[in-house]
Amino acid sequence: MGLFSRKKNEKEAKAERKEKVEGTQQEQSKRREPAKEARQKQSGKKEYIKGAGGTIVSKSILEGTSKLKWLFRQEGGHGNGWIAFGDADTQEYVDNPDNMTIVDFNELANIEPAVVNVFFLPVGADLEFCDDKTGKYFVDTRTGEEIRGQVLHPLQAAFEKNLKFLNKESYPEEFFRELFTPDHRRENFVVGEADFPTGEIVLADPLVYLGTEYMVTLERRIPAGSYPVELAVCHSEIAGTRIVGARLIISGEEAVRHEIAMPKGSEIGSMGEPGVWAFFGVDGGMACFSDTEAAEKYRSFSKNWQSKNPGKNPYLDYFAPLFQESCEKYPQVQREGGDFLQWQIPGTDCRLVMFTSGMGDGIYSGYWGMDAKGEAAELVIPFINPAYI
């Protein structure tokens, strides 16, 4: 029955077109590789999205006899799941498998670049393309919403949202409790103990700032000793396995409130004054809790290692194999290559625990968890709000 049958409305026709296309996928898949290789040799083609994957497109769009009109993303579809129909396509036309073909998404983007804006929409997206005096945009046929800007990759969207969430002076206590409460996506993992011979704590990126003037020493001290470092690990469909928080467990008491950890010489009341901040920088994707004495021993080790290994990279040529060993030992709670490491500084009795900082480089803050008696029970670094991933 034709697309313009009186017994079918527009929605039913679109549904039938999608159903017919599904029947051509296996046949077209066999032809995809030779066609793809030939197209890649063509000059003047722009790669908008690397690794975008295959997309089912009406040949009328590719040949220029129609313009993009409908764009769908189906579950379990070929390649990336996107299907594109032209404004001149009829049901009879799309019923013929020879009139549909599989191309790299970038080939469609070279014909109509606006499709790049919606590439990261999820499965189930059902869009109508519009081109009028107000510009080029898509309309969500289910909600009527106009999509005029670029839809970010889910991970990028989460990253940007998380940036705005970090480094607040305070958070609801519920956030800290939930950060370390295991559920179907999150688990806690104690990496091991770190040593604090003086009890003066440093927060730093161990690969870049530990042992330098740019590390942040905290005002509050803890009793000298060794303390466990626990990580909150989230298994996310969007971001993969990520460390969303780390904490130094100082006592077995429950923390009833949290306050931001101020740097040495400052207090919470001075927040907002010129030159007063309560965060530390990460530029190597790592963070750690350290003692000032351990930091000095680390500085000596680093200087000595570099002098004996000129031109070598401390991470790639020294730490990477150690992180890989950690990964092989505990693969269920970290990504390939390793996300954490308990390490004893060579020639010393000081141990450090290093760990990746959530989504990578940035600025992060520590928060003291205080017990009912007003004593420090823990020191927490939130990296990611798990709700965002």
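This is a predicted model: local features need pLDDT of at least 70, side-chain atom pairs count only at pLDDT 80 or more; totals for chains, interfaces and linings use all residues.

**Entry 1: a lysine in a loop**

Leaving aside its neighbours within four places in sequence, which residues is lysine 46 in contact with? I looked, and found Asn106 and Asn110. Lysine 46 itself sits in the loop that runs between helix H2 (25–40) and strand S1 (54–58). I also checked lysine 46 against proline 113: they are 67 residues apart in sequence, yet 9.9 Å separates them in space, C-alpha to C-alpha.

**Entry 2: the whole chain**

Next I stepped back for an overview. I counted nine helices and 20 strands in the chain. Of its 389 residues, 48% count as buried. The accessible surface comes to about 19500 Å², and carbon and sulfur atoms hold 48% of that surface. I then took the contacts between residues at least 6 apart in sequence, and 70% of these join residues at least 24 apart.

**Entry 3: helix H9**

I moved on to helix H9, which covers residues 314–329. It has 16 residues and reaches 22 Å from its first C-alpha to its last, close to the 22 Å expected at 1.5 Å a residue. Where is the kink in H9? I found it at alanine 320, shortly before proline 321, with an angle of about 45 degrees.

At the N-terminal end of H9, I noted asparagine 313 as a cap: one of its side-chain oxygens lies 2.8 Å from the backbone nitrogen of tyrosine 315.

Then I listed buried residues in H9: Phe319, Ala320, Phe323, Ser326 and Cys327.

**Entry 4: cysteines and a threonine**

Is cysteine 327 buried or exposed? Its relative accessible area is 9%, and the cut-off for buried is under 20%, so cysteine 327 is buried. Cysteine 350 also counts as buried, at 2% relative accessibility. A disulfide is a covalent bond between the sulfur atoms of two cysteines. I searched the model for disulfides, and the count came to zero.

The backbone nitrogen of cysteine 350 did lead me to threonine 348, as a polar atom of the threonine side chain lies 3.1 Å from it. Threonine 348 belongs to the loop between strand S16 (340–344) and strand S17 (351–356). At a relative accessible area of 19%, threonine 348 is buried, because buried means under 20%.

**Entry 5: glutamate 146**

I found glutamate 146 in strand S7 (residues 146–147). It is partly exposed, with a relative accessible area of 43%. Its side chain makes a polar contact of 3.0 Å with the side chain of arginine 148. Setting aside neighbours within four places in sequence, glutamate 146 is in contact with Tyr137, Phe138 and Val139. Between glutamate 146 and cysteine 130 I noted 9.5 Å, C-alpha to C-alpha, with the two 16 residues apart in sequence.

**Entry 6: an asparagine with positive phi**

My last stop was asparagine 167, in the loop between helix H6 (154–165) and helix H7 (173–179). Its phi is positive, about 65 degrees, although asparagine 167 is not a glycine. I also noted that asparagine 167 is partly exposed, with a relative accessible area of 24%.

Note on methods. Residues are numbered from 1 along each chain as its sequence is written. Side-chain values use heavy atoms; hydrogens and water are left out. Helices (H or I, at least four residues) and strands (E, at least two) are DSSP runs, numbered from the N terminus. Buried means under 20% relative accessible area, exposed over 50%, partly exposed in between (1.4 Å probe, protein chains only). A polar contact is a pair of N or O atoms within 3.5 Å; within protein, one must be able to donate a hydrogen and the other to accept it, and residues adjacent in sequence count only if both atoms are side-chain atoms. A disulfide is a pair of cysteine sulfur atoms within 2.5 Å. The expected span of a helix is 1.5 Å times one less than its number of residues. The bend at a residue is the angle between axes fitted to the seven residues ending there and the seven starting there. Contact means heavy atoms within 4.5 Å. Accessible areas come from the Shrake-Rupley method with a 1.4 Å probe; for residues, only the protein chains shown count as cover.
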